[in-house]
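Thanks for making the time this morning. I would like to take you through one model, and I will keep to a few places in it.

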Amino acid sequence: MAKKLHIKTYGCQMNVYDSERIAEVLRPLGYAPTDRAEGADMVILNTCHIREKAAEKVYSELGRLRLQKDAMAEHGQRMVLAVTGCVAQAEGEEVLKRAPFVDMVFGPQTYHRLPQMVAEAARAANQVLDTDFPAESKFDALPQERNVDGAAAFLAIQEGCDKFCTYCVVPYTRGAEYSRPAADVLAEARRLVGAGAREITFLGQNVNSYHGEAPSGSGGGAEWSLARLIFEAAEIDGLERIRYTTSYPAEVDDDLIQAHADVDKLMPYLHLPVQAGSNRILQAMNRNHTVDAYRALADKLRAARPDLALSSDFIVGFPGETDRDFRDTLKLVEDVTFIQAYSFKYSARPGTPAANMEFQVDEALKAERLAELQALLNAQTLNFNKACVGRRMPVLLDRTGKKPGQLAGRSPYMQAVVVDASEELLNRTVDVTIISGGPNSLLGTADPKNQKACA
Ligand code: SAH
Ligand code: SF4
Ligand code: F3S
């Protein structure tokens, strides 16, 4: 009988990708995924360390799981409890200390070794800790077979970060930048398409710093850029949409901008985190670009692809942020306009330079600024969603809607779109006319030609 595996994923898309791959590593050991932690033979928390709250969540979840683990033990069953992801990497020892009932702690770079770890944890009921940055790449050791859940898939092409923004833990939790060889990426893309993917999002902590070894005999240098990879991936039959995330603005080059002009399959939507709209703060953050450089980049991208829309990340209350700095951020948002955004109160992270900077901003002031920024950003999202009413756009219907007879999917701009449509249209890209737009989603009707094609 299959053993039940429950993985709970926090944090970014890289963690979502890792969780899928972890399930693939464990499948040959007889583990099949389940949605519930109750009664699972193995529970893995794939964690995020980016802000204090994210990290603390893990310990409260572990507290709940302990009760379930104990309840199972009373019935003679064992729940193997594991912690991976960035909290595991950053404070693995601490996890084992604070939660001694945890069986395995492993970092994001070692999960290809799970078969050995599972055996070790089972043998002497030992605790296992593996947070190395091994010389071998996990990507070479992972099973080739890929499962696709729905028509949109993630593909990690780059991992790690050398940028050391002064607030950020990622360079410490994910290690140095590493780019997968282009041939491996293209092979995985083909396998994903073969397994049903219609859309692929290339992932990396700094995806545009990608510089992977070129396939032998491909010409044009020893390494491929992200732009080259996009051009080549666009040739894959059956792949309809390409996205990439997350980009580092200071390293967006002209080739990548050109790809937005030339590659139809590349979606006209880009997540380009700016963090702040004040040069003083950007410099203190070590972001390596000015506010004007960001504005110019946005203009260039829109010149290359006039229908391109941007989303972004913002941090308010970075140490030393004055009211004037914050007003500059609002001004940047007003001028550039973002159709979607994530914004956060600055969270001091142990071991990062900003945590020791002078003039930490008061929590109440951070909350005030965040509310003001979010009101502006939400208004921009709603404006854009409303402006879509009456437009026709291709929607990849990759899931069923909440109500029977509905399907849901994503527009080119990653908006959630709900349509009345029969199941035959599931996992297909369908032309949809938008009939209403709210803060979080759009409602549309599928063009009759799509309906007929399947009738
Ligand atoms: N590599 C990506 C993602 C980093 S984490 C990038 O460079 O953008 C995602 C977002 O979390 C960041 O863009 C930033 O806005 C936010 N973030 C990172 N560290 C933070 C901190 N210490 N406090 C608050 N927000 C933070
Ligand atoms: Fe963190 Fe900056 Fe690297 Fe992004 S670029 S992961 S924000 S250090
Ligand atoms: Fe969080 Fe690690 Fe991603 S800290 S945002 S899970 S890279």
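Predicted model: local features only at pLDDT ≥ 70, side-chain atom pairs only at ≥ 80, totals over all residues.

Let me begin with ligand 1, which is surrounded by 15 residues, the closest being Tyr167, Gln205, Gln275, Asp313 and Ser347. Among the polar contacts, a polar side-chain atom of Asp313 lies 2.6 Å from an oxygen atom of the ligand, while a polar backbone atom of Tyr167 is 3.0 Å from a nitrogen atom of ligand 1, and the side chain of Arg51 places an N or O atom 3.2 Å from one of the ligand's oxygen atoms. Taken alone, ligand 1 would expose 530 Å², of which the protein buries 88%.

Turning to ligand 3, the residues around it are Cys12, Asn15, Thr47, Cys48, His49, Ile50, Cys86, Arg174 and Gln205, and by class they divide into four nonpolar, four polar and one charged.

Finally, the helices: how do α12 and α13 run relative to each other? The axes of α12 (residues 323-336) and α13 (residues 363-387) come within 10 Å and cross at roughly 5°, and the two helices are therefore roughly parallel to each other. On the α12 side the contact includes Phe326, Leu330 and Val333, and on the α13 side it includes Leu373, Leu376 and Leu377; the residues of this contact divide into six nonpolar, two polar and five charged.

How values were computed: Residues numbered from 1 in each chain as written. Chains lettered and ligands numbered in written order. Heavy atoms only, no water. Near = heavy atom within 4 Å. Nonpolar A, V, L, I, M, F, W, Y, C, P; charged D, E, K, R; others polar. Axes fitted to C-alpha atoms, helices over the stretch in contact; angles between N-to-C directions. Helix = DSSP H or I, 4+ residues; strand = E, 2+ residues; numbered from the N terminus. Parallel < 35°, antiparallel > 145°, perpendicular 65-115°, else oblique. Contact = heavy atoms within 4.5 Å. Polar contact = N/O pair within 3.5 Å; in protein donor to acceptor, adjacent residues only side chain to side chain. Areas by Shrake-Rupley, 256 points an atom, 1.4 Å probe, with all protein chains shown as cover.
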